[in-house]
Amino acid sequence: MTQDLRELVRAEFIEVFGTTPVGVWSAPGRVNLIGEHTDYNEGFVLPFAIDRRTFAAVGVRDDSRIRVASTFSDEVAEISITELSADAVSGWAAYPLGVAWALGELGFADLGAVPGVDIMIESDVPVGAGLSSSAAIESAVAVALAELWQLDIDRPALARVGRLAENEAVGAPTGIMDQMASLLGRDDAAVFIDCRSQEADAVDLGLAGAGLAILVIDTQVEHAHATGGYRDRRASCEAGAAALGVASLRDVEVADLVRAKELLDDVTFRRVRHVVTENQRVLDTVATLTAAGPLEIGELLDASHRSMRDDFEISVPELDLAVETAQANGALGARMTGGGFGGSAIALVPQGLVSQVQVAVDGAFAEHGFGQPVTFTVTPSAGARREV
Ligand code: GLA
């Protein structure tokens with residue numbers, strides 16, 4: 001699949017732009033193993049990059065224009081690099097063009113001096129499934145431009161570039177997790193990120209060695225981060241931190257929750273409790289993986305889902321059904337993953353039970369009158385890289 005897309009994106013580039021690209025770069029989508037809505041609270045997350053990637057074929061121009069094309073749309077967006085601004089870009093092109101703008105905005109590139117580029121994008125990261133198809137575009141374009149524009153920039157800084165594009169050019173108030181996972185992923189490992197210091201460490205998962213698989217259950221329920229629930233939850237967390245007199249919820253420990261309950265209204269308290277306990281669950285998951293391996297983390301995944309369902313209230317009936325059905329059919333643990341309000345759940349499943357869980361989930365969705373989900377396994381994979 002990966003090999004095919006690498007060749008396909010090159011052929012599409014030649015067809016659309018009539019020239020030959022100088023290279024092809026790629027970046028993966030991600031699954032978050034645990035640590036949800038903790039990134040923008042300066043907390044801990046434990047995502048991994050998946051074996052679904054976005055490919056960017058890029059050619060250098062002899063002027064200062066930037067053109068982007070993709071299989072997402074018939075439109076070829078075109079603008080002069082010097083005219084880029086957060087508001088000058090829209091639609092899907094806001095992701096790649098937003099990255100070019102953000103490289104200048106953060107001072108990594110002199111947009112008055114860099115050469116123009118043509119970019120063709122192809123992807124097999126499902127869109128709208130909560131698997132960070134947007135971060136995959138941003139990260140593929142970011143590594144390509146950093147190399148072609150000869151920028152002195154490390155991976156965490158590239159992640160900040162991608163996040164700025166997402167926050168300002170796309171308009172979604174997300175944290176840093178998705179871009180960090182896409183840029184720093186490793187084969188068979190998760191990326192443990194301290195979102196305050198933005199330090200990241202690989203944590204071995206050892207899934208195959210333990211006979212386990214991660215099954216993604218894409219509910220096909222659409223979610224949108226730019227509006228609605230995600231923004232509201234973020235605001236509740238900020239209100240909770242302000243009421244508790246701390247800079248961010250990272251500064252609240254599980255032991256502080258007794259006092260928090262007295263100070264906060266019920267809804268804000270439950271939002272805070274999710275973030276505070278979720279941070280602890282990430283730390284516990286890293287410790288458990290290191291000491292005992294992936295067979296022992298199931299209960300932490302289950303507890304994370306309960307917290308998102310009951311305290312943070314970002315699950316939907318389809319996600320709850322996916323999780324419960326997986327648990328009842330042999331999964332060691334299961335939880336929704338990503339921003340919530342739709343998208344995907346993940347289940348940690350013994351390899352021999354994967355098809356049993358898939359069949360059970362399909363059956364349960366049909367029984368409840370829900371649309372059919374899409375289920376597939378994912379493998380923890382390498383982060384963004386040059387392909388050819
Ligand atoms: C989305 C955002 C991330 C993160 C998750 C929730 O995926 O893009 O930054 O906040 O939701 O954990």
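Figure 1. On the side of domain 1 that touches domain 2, the elements giving two or more residues are β1 (23-34), β2 (44-60) and β6 (189-194). Strand β2 contributes the most to this side of domain 1, with 7 residues. The structure shown here and in the other views is a predicted model.

Figure 2. In the domain assignment of the protein chain, domain 1 covers residues 2-203 and domain 2 covers residues 205-378. From domain 1, 38 residues take part in the contact, and from domain 2, 46 residues. Taken over C-alpha atoms, the centres of domain 1 and domain 2 are 26 Å apart. The size of an interface is often given as the accessible area lost when the parts come together. Here domain 1 and domain 2 bury about 3,500 Å² between them, and 63% of this area is on carbon and sulfur atoms.

**Figure 3. Salt bridges at the domain interface.** Side chains of opposite charge can pair when their charged atoms come close. Across the interface of domain 1 and domain 2 there are 3 salt bridges. Arg335 pairs with Glu36 in a salt bridge whose closest N and O atoms are 2.7 Å apart.

**Figure 4. The salt bridge of Arg61 and Asp118.** The structure as a whole holds 22 salt bridges. In the one formed by Arg61 with Asp118, the closest N and O atoms are 3.0 Å apart. Arg61 lies in the loop between β2 and β3 (65-70), while Asp118 belongs to strand β5 (residues 117-123), so the pair ties together parts that are 57 residues apart in sequence.

**Figure 5. Aromatic rings and a charge over a ring.** The charged end of Arg52 sits over the ring of Phe376, at 4.4 Å from the ring centre. Counting pairs of aromatic rings gives 5 aromatic pairs.

Notes. Residues are numbered from 1 along each chain as its sequence is written. This is a predicted model: local features need pLDDT of at least 70, side-chain atom pairs count only at pLDDT 80 or more; totals for chains, interfaces and linings use all residues. Side-chain values use heavy atoms; hydrogens and water are left out. Rings of Phe, Tyr and Trp (its six-membered ring) pair if their centres lie within 6.5 Å; planes under 30 degrees apart count as stacked, over 60 as edge-to-face and the rest as tilted. A charge sits over a ring if NZ of Lys or CZ of Arg is within 6 Å of the ring centre and within 35 degrees of the ring normal. Domain bounds come from an automatic or database domain assignment. Contact means heavy atoms within 4.5 Å. Buried area is the accessible area (1.4 Å probe) that two parts lose on being put together, summed over both. A salt bridge is a side-chain nitrogen of Lys or Arg within 4 Å of a carboxyl oxygen of Asp or Glu. Helices (H or I, at least four residues) and strands (E, at least two) are DSSP runs, numbered from the N terminus.
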